Each structure stands twice: as C-alpha cells, then as structure tokens.
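This report covers a two-chain model. Sections follow on interfaces, sheets and salt bridges.

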Amino acid sequence: MIKLEGVSKTYGAGPTAVHALKNIDLDVPQGAIHGVIGLSGAGKSTLIRCVNLLERPTSGHVIVDGQDLTQQDSEALRQSRHQLGMIFQHFNLLASRTVFDNVALPLELMGVSKGEIRERVEPLLDLTGLTDKATQYPAQLSGGQKQRVAIARALASRPKVLLCDEATSALDPQTTASILELLQDINRKLGLTILLITHEMEVVKSICHRVGLISDGELVEEADVGDFFTAPATRLGREFLNAFLELEPPQALVERLEETPGEHTHPVVRLAFSGANVATPLISRLARDSGVDVSILQAKVESIQGRTLGLMIAELIGTPETTSQALTQLESHDINVEVLGHVQRDA
Amino acid sequence: MSSAMLELILEATLDTLYMVALSGAVSAVIGIPLGVLLYVTRPGQILAQPVAQRVLGIVTNIGRSIPFIILMVAIIPFTRLVVGSSIGTNAAIVPLIIAAIPFVARLVEGALNEIPPGLIEAAQAMGATPVQIITKVLLPEAKGGIINGLTITVVTLVSYSAMAGAVGGGGLGDLGIRYGYNRFEPLIMLITVAILVVMVQGFQSLGDRLVRKADHK
Ligand SMILES: Nc1ncnc2c1ncn2[C@@H]1O[C@H](COP(=O)(O)OP(=O)(O)OP(=O)(O)O)[C@@H](O)[C@H]1O
Ligand SMILES: [Mg+2]
C-alpha cells in the first residue's frame with residue numbers, strides 16, 4: 001500500500017547540508033500497522049512527511065496504492081492526499097471551529113454537500129466517542145479528546161492510509177493506551193493501513209505488526225514486532241529494547257565485564273526466549289545436562305501481542321568447555337543468546 | 001450654550017464618525033488582502049514569492065513611515081483629483097485611507113503570524129488549495145487578531161481625523177481648533193476632547209467584545 005523506493009532527503013546544500021534520509025526502502029502492505037522507531041533527530045518526521053509529500057524527497061519514489069506521488073502535478077497530488085489521512089503530535093485542530101466542523105473540514109475542501117457532510121461526520125464522531133462533544137471547541141477538550149477529533153478528521157475523506165507522527169507523544173500513559181486502542185480498532189474495522197512513527201517502544205509493542213528502526217537517516221533494521229522484541233538485530237535495537245524492558249545488568253557487574261574471555265572467566269549472557277520455551281523449566285535442565293551453574297541476575301516475562309517473551313540476564317558458572325556447551329544447548333532450543341561479557345571467576 | 005453651538009458640535013461629531021467609518025471600511029477592504037498577501041508570499045509559505053514579498057514589504061514600510069501630517073499635504077494634488085477638492089471631510093478621507101492601508105496590512109500580517117504553522121500543514125495534508133487555506137484556515141483562525149488590529153486602526157483614525165480636521169477637514173478636530181483655540185472658548189475645546197475620548201472608549205470596548213466572541217481559546 002505504501003512503498004518507498006530509494007527515498008533520500010537532504011536539507012540545504014554544501015558543507016552544511018543535512019542528510020535527513022538516506023536511500024530508504026520501505027514496503028507497508030495493505031492493512032498493516034507499521035511502526036518506525038528512532039532517536040530524536042533520526043529522521044522519523046522527515047520520513048513520514050515524505051509519504052504525503054509535505055516534504056518532497058530529494059530523490060526516490062513514493063508509491064501509495066500504486067500511484068507514484070513524486071510524479072504527480074500539484075492538482076493530482078491534492079487528490080491523492082485525500083487517500084492519506086494524517087494525525088500529529090500537537091493535534092493541529094482549528095481553534096475557530098467546533099469539533100463537528102473540524103471533522104467536516106476535509107469534506108468541505110473536497111466540495112462535499114452539507115447534507116452528505118452531516119451523514120459522514122456523525123458516524124465518525126460515534127466511532128471516536130465524541131458525539132456529545134460535537135458543538136464544543138478544541139480549547140474545551142483534553143489532549144486525548146483532541147487527538148480523537150484529529151483521528152475523526154483524518155478519517156473523514158475515507159483514506160486508505162493513516163499517517164501518525166508521534167500521535168501519542170503529548171499524552172499521558174492512560175490516554176496513550178486509549179488512543180492506541182482506537183487506532184487498532186480502526187485498523188481492524190476499516191482495514192486501514194497505518195504508518196506510525198514514535199520514539200516509544202510501548203507504542204510499537206501495543207499495536208504494531210512490523211517495525212523499522214531508523215538511525216541517522218538510515219533504516220537499519222526491520223522486523224516483525226515479536227522478533228524485534230526477542231532478538232533485535234542491531235546494537236541500537238538492543239539498546240532500545242533493554243531501555244524499554246529496564247533489563248540491564250547491575251552496575252557493579254557491568255564495571256567488571258571484560259570483552260574477551262580469559263582463563264578464569266564466566267560468561268554473562270542475556271537470554272530471550274519466546275512461546276513454549278518460557279514454560280519449560282529450562283534453567284534447571286541446563287544445569288543438569290551440562291553441569292554449569294546458572295546464576296540468575298535479572299529476569300522478566302513480557303507479553304507482546306499475545307506472545308509470551310522471557311528475558312533473563314545470567315552468569316554461567318562452569319569450565320570453558322561446559323559453558324560453551326551450555327550456550328550451544330541454549331541456542332538449539334531457539335533461545336536468543338547474547339554474550340554481554342565475561343567476569344573473573346573469583347572476583 | 002446656544003442651540004446653534006450644540007448643532008455645530010453634533011455636526012462635527014457626525015463628520016468625524018463619517019470620516020472614521022468610511023476610511024476604516026475602505027482601508028480594511030484593501031489592507032486585509034494586502035496583509036494576507038504579505039504573509040502567504042513569504043519564503044517557505046504557501047504562495048512563496050520572495051522578491052515580490054520584499055518589494056511589497058518595502059512599499060508598506062514607506063507608507064507607514066511617512067508622518068500623517070506630511071502625507072496629507074503631499075498628496076493634495078491626488079486628493080483633488082479624486083474628490084475634486086482639497087478641503088472638507090471627503091478630502092480628509094483620502095489621506096486617512098492611504099495612511100491606514102499599510103497600518104492594517106502589517107497588523108493583519110502580525111495576526112496571521114500567530115497561527116501555528118502546523119495548522120497550515122494539516123490543511124495541506126488534507127489536500128487544501130492555497131485559496132482554501134486562506135479562506136478556511138488563515139482568515140478564520142486569525143479573526144480575533146484581525147478584529148483587534150482593526151480596532152487599533154479605528155482608534156488611530158479617530159485621532160488622525162482630528163488632525164485632518166485641523167487643516168480644514170471638518171469634524172471635531174476642526175471644531176476644536178476653530179472655536180476652542182482660535183476664539184479661545186475653553187468649554188468647546190473641553191467638549192470636543194470629551195467626545196473624542198468617549199468615542200475611542202466606545203470603539204475599543206466594542207472591538208474587545210468582538211474579539212472575545214471571535215476567539216474560542
Ligand atoms: N526543515 C528543515 N531544515 C533543515 N533541517 C531539517 C529540517 N527538518 C528536519 N531537519 C533535520 O533533519 C534531521 C531529521 O529531523 P526529523 O525532524 O525528521 O527528526 P525526528 O526523528 O522526527 O526527531 P524528533 O524525534 O526529535 O522529532 C535533523 O537533523 C533535523 O535537524
Ligand atoms: Mg519528529
């Protein structure tokens with residue numbers, strides 16, 4: 001539904017040029033909720049703004065529903081934009097219009113008749129739970145209600161795609177949850193394709209099917225959400241995950257970690273396992289089978305979109321032979337093993 | 001005070017209101033679009049025309065920097081061409097309009113400046129044309145600010161019209177000079193000033209009320 005082919009965006013020119021996006025390829029299938037996560041300044045907003053050409057890519061193609069938007073003239077582009085609803089971090093509602101009239105705006109722009117506007121706006125207010133707010137002005141609403149109005153407004157032109165630029169970043173956790181639920185609901189009921197950008201793992205975890213990780217203008221990693229939360233492929237991915245899970249080895253241990261194994265060291269590992277493995281009394285079996293002692297430093301079980309995910313930081317105590325055998329055994333059970341470092345045996 | 005005097009005061013008051021109303025209305029009709037133009041043609045704006053914008057900005061600034069009393073005298077030939085005379089209330093309206101247009105334009109531009117850029121962006125994302133953005137987003141969102149600017153303009157026009165009156169333009173300024181100053185009738189002077197004060201207060205509170213009605217903040 002959304003396809004980016006080699007999209008680059010450079011602001012300015014010469015030595016001060018900012019390469020905000022570098023050769024991005026992205027394919028979001030119809031009906032998917034696709035997240036893009038990244039640190040501040042990574043290029044997230046630039047990326048999503050390139051999809052509806054609020055920002056014109058310096059090179060590359062943006063193809064939505066088979067139409068190459070980068071090739072369209074301004075009139076055709078305006079028509080295409082009716083297919084692309086967008087919501088923003090700061091809602092961007094018109095203060096001079098009531099809730100009803102805000103939602104009606106895209107229809108007015110399209111030249112829809114008054115009667116039809118009423119017929120189309122009312123179900124949207126119903127869907128977003130705003131029926132009793134129809135005659136109020138944005139200044140009278142809470143942040144969550146404002147974002148609901150923005151969502152209703154974005155849906156008014158019956159788009160195929162919804163673009164969300166940090167849609168929940170200005171909201172508290174409870175309100176965030178209710179807005180995410182609404183987005184998921186819309187995705188299911190209307191089959192709407194959603195591309196959302198965020199810096200919050202919570203958002204990705206709650207509703208995304210797939211996630212891309214953007215760093216310094218490059219899409220460095222892309223995965224199904226379950227896989228991303230079990231085994232991020234990049235260092236940045238792991239940092240995001242660890243920060244989100246608050247699963248870091250204790251500081252005292254980190255200070256003692258050495259990168260290379262010595263003669264008298266134990267490996268410290270981060271284990272991630274999903275599905276059936278979680279229930280298996282894995283650790284005790286490991287101790288029995290390979291003869292290593294497993295000292296658990298931290299452990300956590302998370303549920304990510306119906307999949308159970310176990311995470312653990314542990315020290316494997318044994319001889320170099322037995323510990324390496326234990327690692328092989330873990331991997332054979334489809335457990336993602338990351339060796340964080342090595343600690344001196346008798347420290 | 002004689003009834004003839006009262007009649008004179010009433011007539012002068014109506015003359016002032018006439019000058020202010022007509023020059024205010026005409027300068028709004030021309031100044032508002034000009035202010036919009038100054039805003040939408042800025043670099044990066046919806047109808048960016050950086051060169052034309054600069055030229056327009058300079059012309060506007062020149063208009064604003066000429067002292068009213070000099071403008072009034074300087075354009076006498078033009079005033080004569082338009083209204084056929086260089087004295088009287090109609091003749092005073094011409095320089096009033098010319099002075100107020102750049103004033104209104106800058107105030108409107110300032111009001112538009114207060115609109116969060118995200119609103120324009122949201123409208124663009126909805127597929128709005130530049131004209132739709134002006135009529136459906138910019139003007140309604142800046143309505144309070146524009147009314148506020150027009151209130152300031154009208155209040156300024158009240159005092160400018162008194163100045164115009166002093167050089168034969170009619171109205172309260174004319175009356176104040178002719179009777180209050182030249183014939184030294186302090187009561188007339190006092191009454192003239194009092195009426196001007198009431199007028200300014202009235203316009204200001206009317207403007208404030210309209211702004212409150214327009215703003216839903
Ligand atoms: N209009 C612009 N002109 C010049 N540079 C820009 C412009 N917009 C963005 N940039 C630069 O492009 C880079 C990416 O910015 P972008 O806004 O896409 O980041 P982001 O990932 O959305 O960050 P945040 O999470 O802080 O919103 C930054 O280095 C930024 O300074
Ligand atoms: Mg951003």
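## Terms and basis

Buried area is the accessible area (1.4 Å probe) that two parts lose on being put together, summed over both. The size of an interface is often given in this way, as accessible area lost when the parts come together.

This is a predicted model, in which local features need pLDDT of at least 70, side-chain atom pairs count only at pLDDT 80 or more, and totals for chains, interfaces and linings use all residues. Residues are numbered from 1 along each chain as its sequence is written, chains are lettered from A and ligands numbered from 1 in the order in which they are written, and side-chain values use heavy atoms, with hydrogens and water left out.

## Two domains in chain A

Chain A is assigned domain 1 (2-235) and domain 2 (246-344). The bounds come from an automatic or database domain assignment. Taken over C-alpha atoms, the centres of domain 1 and domain 2 of chain A are 39 Å apart.

Between domain 1 and domain 2 of chain A, about 770 Å² is buried. Carbon and sulfur atoms give 52% of that area. On the domain 1 side, Lys205(A), Phe229(A) and Thr230(A) lose the most area to domain 2, together 62% of what that side buries. Contact (heavy atoms within 4.5 Å) involves eleven residues of domain 1 and eleven residues of domain 2 of chain A.

The interface of domain 1 and domain 2 of chain A holds one salt bridge. The term means a side-chain nitrogen of Lys or Arg within 4 Å of a carboxyl oxygen of Asp or Glu. Lys205(A) and Glu302(A) form a salt bridge, 3.0 Å from N to O. One residue pair is in polar contact between domain 1 and domain 2 of chain A, with both residues at pLDDT 80 or more. A polar contact is a pair of N or O atoms within 3.5 Å; within protein, one must be able to donate a hydrogen and the other to accept it, and residues adjacent in sequence count only if both atoms are side-chain atoms.

Helix H7 (201-207) and helix H8 (225-230) of chain A each supply at least two residues of the domain 1 side. H8(A) gives the largest share of that side, five residues. Helices (H or I, at least four residues) and strands (E, at least two) are DSSP runs, numbered from the N terminus. By class, the domain 1 side has six nonpolar, three polar and two charged residues. Ala, Val, Leu, Ile, Met, Phe, Trp, Tyr, Cys and Pro count as nonpolar, Asp, Glu, Lys and Arg as charged, and the others, Gly among them, as polar.

## Strands of chain A

An open sheet of four strands runs in the order E2-E1-E4-E5 (chain A), with antiparallel pairing. Strand E2 (18-28) and strand E5 (67-68) of chain A are the edges; each has a single partner strand, so one side of each lacks a neighbour in the sheet. Strands pair if DSSP finds at least two bridges between them. Five bridges join E1 (residues 2-11) to E4 (residues 59-64) of chain A. Leu4(A) has Val62(A) as its bridge partner in E4(A).

Antiparallel strands E12 (residues 293-304) and E13 (residues 307-317) of chain A share eleven bridges. E12(A) and E13(A) form a hairpin with two residues between them. In the turn, Gln305(A) has a positive phi of about 50°. Glu302(A) stands opposite Leu309(A) in E13(A).

Chain B has ten helices and zero strands. Its C-alpha trace spans about 70 × 40 × 25 Å along the principal axes.

The contact takes 19 residues from chain B and 22 residues from chain A. About 1,900 Å² is buried between the chains, of which carbon and sulfur atoms give 62%. Met126(B), Lys136(B) and His216(B) supply 35% of the area that chain B buries against chain A, more than any other three residues.

Two salt bridges are counted between chain B and chain A. Lys136(B) forms a salt bridge with Glu108(A), with the closest N and O atoms 2.8 Å apart. Nine residue pairs are in polar contact across the interface of chain B and chain A, both residues at pLDDT 80 or more. Helix H6 (117-125) and helix H7 (130-141) of chain B are the elements that give two or more residues to the chain B side. H6(B) provides the largest share, seven residues. By class, the chain B side has nine nonpolar, six polar and four charged residues.

## Salt bridges overall

Over all chains, the whole structure has 19 salt bridges. Arg210(A) forms a salt bridge with Glu222(A), with the closest N and O atoms 3.5 Å apart. Arg210(A) lies in strand E9 (residues 210-215) and Glu222(A) in strand E10 (residues 218-224) of chain A, so the pair ties together parts twelve residues apart in sequence.
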